[in-house]
Amino acid sequence: MSALDAIFKAYDVRGIVPDQLDPELARAIGVGFATFAKEEAAGRGGSVTRVLVARDMRPSGVELSGAFGEGVRSQGLDVVDLGLGSTDLLYFASGSMDAPGAMFTASHNPAQYNGAKFCLAGARPVGEDTGLSRIREVGTAALAGEVEPASTEGSLTHQDVLDAFADHVRSFVDVSALRPLKVVADTANGMGGLVVPAVFATLPFDLEVMYGELDGTFPNHPADPIQPENTEDLRRRVVETGADIGLAFDGDADRVFLVDEHGVGLSGSTTTAIIAAGILDKHPGETVIHNLICSRTVPEVVREHGGTPVRTRVGHSFIKQVMAETGAVFGGEHSAHYYFRDNFRADSGLIAALVVLEQLSVSGQSLSELRAPFERYADSGEINTRVEDPAAVIERVAEHFAALPQDRLDGLTVDGGDWWFNLRPSNTEPLLRLNLEAPDADQCAKRVEEVRGVMTA
């Protein structure tokens, strides 16, 4: 195993600093990314001259992103340093400037981690089969001293795109329709502390930011809002202040979880359905993408609002690929990633938040009222189970439910009629992830017990 193998995951690079990821490796990854970006552009009959680089607030980000830039420049490409930013800011820059980019972040992971997310010009995704393997291959060669530098080193410049990004985010809603709602945003000492105030600065909302100081040591709580314990402060504050909505952002601020006025959180599926309804009301007849662990409510709502639902595998590279193939206007994941065609098919928690705020403003409803029609079933949440042989367990479960319709789009999905489940392996650990949905909580619990019993038999 090369030094890079341990930190290349399914869709990005991520590791503990400096035990797994250090400036030497970051420099080699820069060489690999520059080489891949040039090859990819040439394969499309074009060329690339620059790479955009941004970073989050983690203390190691300055050194790692700088070393990555050195690797890029050694291959003759210029580097545009965007400085501190959210991942969706990097995607916006890549799309609007038509240049490949790298975002140094470990998202929701603990402070000792850092990593990078990559995209090609136009914010096109880079996945294991669409570039990461080549980046790893060249990076490994660079570590061994087997990659020659270009005859001329690329330049380094700096550019601030925050104001342009904020304008772009606001363009997704009718600002004149917005009401002066009370909004509490918990940015968890992550990059939301920079981008959320910038976007909201000219909007009629009463915004309160919790933990807005940029601090990659996360002194208040982890920047992982999918875990309920990390939204406790937000939920409490929303109720205390009588706020209309709470917004919980992760570390790189590309995901957002919503909390209603009673301090009750919304699932990513519910938010996906709400956004889909709002967008389809403005863009009738369009296609909406949803991954296969989203609630059945999502495709139901899409059809009810005149749209065409398309089901995909889990993961941003798959979502973006299918959006490009179908021309879909919107895509949502249960994990709270929300993708917009007019955002270069990239995800943005801020755009999602504004779309929901627009619907609250126009409807005159509270969020608890707005959400009610979109919550039709009971779900298990994602249940992770460590097993010795994930593939064998999946086959055992498939055999047990052989009488029911099944598909293998991503792991195993079984359709029980009024209930269903998906069981898929982790990309990085010997884990199986179970998501199950049923008509009510009792039936959901019963079916979970049944499936897990087969898994552990």
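This report describes the helix packing, the nonpolar cores and some backbone features of a predicted model.

## Basis of the model

Residues are numbered from 1 along each chain as its sequence is written, and side-chain values use heavy atoms, with hydrogens and water left out. In this predicted model, local features need pLDDT of at least 70 and side-chain atom pairs count only at pLDDT 80 or more, while totals for chains, interfaces and linings use all residues.

## Helices 5 and 11

Helices (H or I, at least four residues) and strands (E, at least two) are DSSP runs, numbered from the N terminus. The axes of helix 5 (residues 162–170) and helix 11 (residues 349–363) cross at roughly 40° and come within 9 Å. Such axes are lines fitted to C-alpha atoms, for helices over the stretch in contact, with angles from 0 to 180 degrees between N-to-C directions.

Helix 5 contributes F165, H168, V169 and R170 to the contact (heavy atoms within 4.5 Å), and helix 11 contributes L350, I351 and L354.

## Helix 3

Ten of the eleven residues of helix 3 (residues 87–97) are buried, so this helix is largely enclosed by the rest of the structure. Buried means under 20% relative accessible area, exposed over 50%, and partly exposed in between, using a 1.4 Å probe and protein chains only. Among the buried residues of helix 3 are D88, Y91, F92 and M97. Just after helix 3, D98 takes a positive phi of about 50°.

## Nonpolar cores

A nonpolar core is a set of buried Ala, Val, Leu, Ile, Met, Phe, Trp, Tyr and Cys residues joined through side-chain atoms within 4.5 Å. The largest core has 82 residues, of which F200, L247 and F340 touch the most other members. Helix 11 supplies the largest share of this core, nine residues.

Not counting residues up to four places away in sequence, F340 touches residues including F172, I275, M323 and I351. A second, separate core of 30 residues includes I29, A34, A37 and A41.

## Backbone features in loops

Most residues other than glycine have a negative phi, and most peptide bonds are trans. The peptide bond from V17 to P18, however, is cis, with omega near -5°. P18 lies in the loop between strand 1 (13–16) and helix 1 (23–43).

F218 has a positive phi near 50° and is placed in the loop between strand 9 (206–210) and helix 7 (232–241). F218 is buried, with a relative accessible area of 11%. A336, in the loop between strand 14 (330–332) and strand 15 (338–340), has a positive phi near 80°. A336 counts as buried, at 0% relative accessibility.
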